[in-house]
Amino acid sequence: MKKIAFVILHYCAMDTTICCVESVINCVSYPEYHIVLVDNASPDGSGIKLKNKFKNNIRIHVLLNPKNEGFSCGNNIGYEFARIKLCADFIIVMNNDVMIRQKDFVDHMLNTYNLEKYHVMGPDVITLSGEHQSPHRLVNLELKDLNRIIRNRTIILLYLKIKRILHLQNKVQIVERWDQRRIQKEKQNISSRLTQTDVVLHGSILIFSPSYVYKEKYAFYPETFMWMEEEILAYICKRKGYKMLYDPSLAVLHEEGKSTGFLARKDERYYLYSVYLRKSAMVMKKLMMKEEK
């Protein structure tokens, strides 16, 4: 029987993490499964509270990361624990604001693997407002796209710094609205109803099969802190000939934003988004240039 591990990255939002864990427990009847919670150095002490809460549950393992190393490295800690310590064959890496809703989630995942032999699979990711977030992209980024992102984010960060100096954070929203329209336009041609291969999957939940787990030390490329993990993963999978599968018959609920909800101000979130998006684009560009020499 295959061993399965759910890896959940936690930061501060304790109630959300508990709901996520309970959704797994309530929907998974498969006997060989574990849950790995990785606390990414939550400053509110919620990691220790989770460790105490679940200390008598032999299926749940709480890892306390002494330093917040971001999305990729935080998830990689849980992935490595599941892979090495638990000897998991399938590893589901999911945000703490993702809720499992299907009782046949594991059976479906296993049956699909037997048929498709995917390396990485992504389900339909549905938000509270009904938006379908996966696939994240149909076609991955190229060097020209990364150069555009780096250039645009450099300009946007300058714009945001000027707004801060002039105390205009909530009064001028020209670039922010343009950015939102751009994101919506990118999503217009993406269908969430069709089964698709080799697309960029949404990173809020990814299923890594034995075809990936037995070969790969990391779930995500470890050089980014936040954002663009999906694009880099898709690029690496394509380079290695790994199959990425989007399966709309498997669905999860994404209570989007709760995992980063500790940042109360919108302008602060947007500033950090721009900072880390630019850095991640630079990381992906460096990787592509290195691989394609």
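## Asn76 and its polar contact

The backbone nitrogen of Ala219 sits 3.0 Å from a polar atom of the Asn76 side chain. The model that gives this distance is predicted. Asn76 itself belongs to helix H3, which spans residues 70–85.

Asn76 has a relative accessibility of 4% and therefore counts as buried; the cut-off for buried is under 20%.

## Surroundings of Asn76

Leaving aside residues up to four places away in sequence, Asn76 is in contact with Tyr218, Ala219, Phe220 and Pro222. Of these residues, Ala219 also supplies the backbone nitrogen that lies 3.0 Å from the polar side-chain atom of Asn76.

How far apart are Asn76 and Tyr221 in sequence and in space? The two are separated by 145 residues in sequence, while their C-alpha atoms are 8.7 Å apart.

## Strand S8 and its side chains

Strand S8 covers residues 205–208. Ile205 and Ile207 point to one side of the strand, and Leu206 and Phe208 point the other way. Each of these residues is buried.

## Pairing of S8

S8 pairs with strand S4, residues 90–95, in the antiparallel sense, and four bridges join them. Within this part of the model, Ile92 has Ile207 of S8 as its bridge partner.

S8 also pairs with strand S6, residues 120–127; the sense is antiparallel and there are two bridges. Which residue stands opposite Ile207 in S8? That residue is Met121.

Notes: Residues are numbered from 1 along each chain as its sequence is written. This is a predicted model: local features need pLDDT of at least 70, side-chain atom pairs count only at pLDDT 80 or more; totals for chains, interfaces and linings use all residues. Side-chain values use heavy atoms; hydrogens and water are left out. Buried means under 20% relative accessible area, exposed over 50%, partly exposed in between (1.4 Å probe, protein chains only). Two strands pair if DSSP finds at least two bridges between them. Contact means heavy atoms within 4.5 Å. A polar contact is a pair of N or O atoms within 3.5 Å; within protein, one must be able to donate a hydrogen and the other to accept it, and residues adjacent in sequence count only if both atoms are side-chain atoms.
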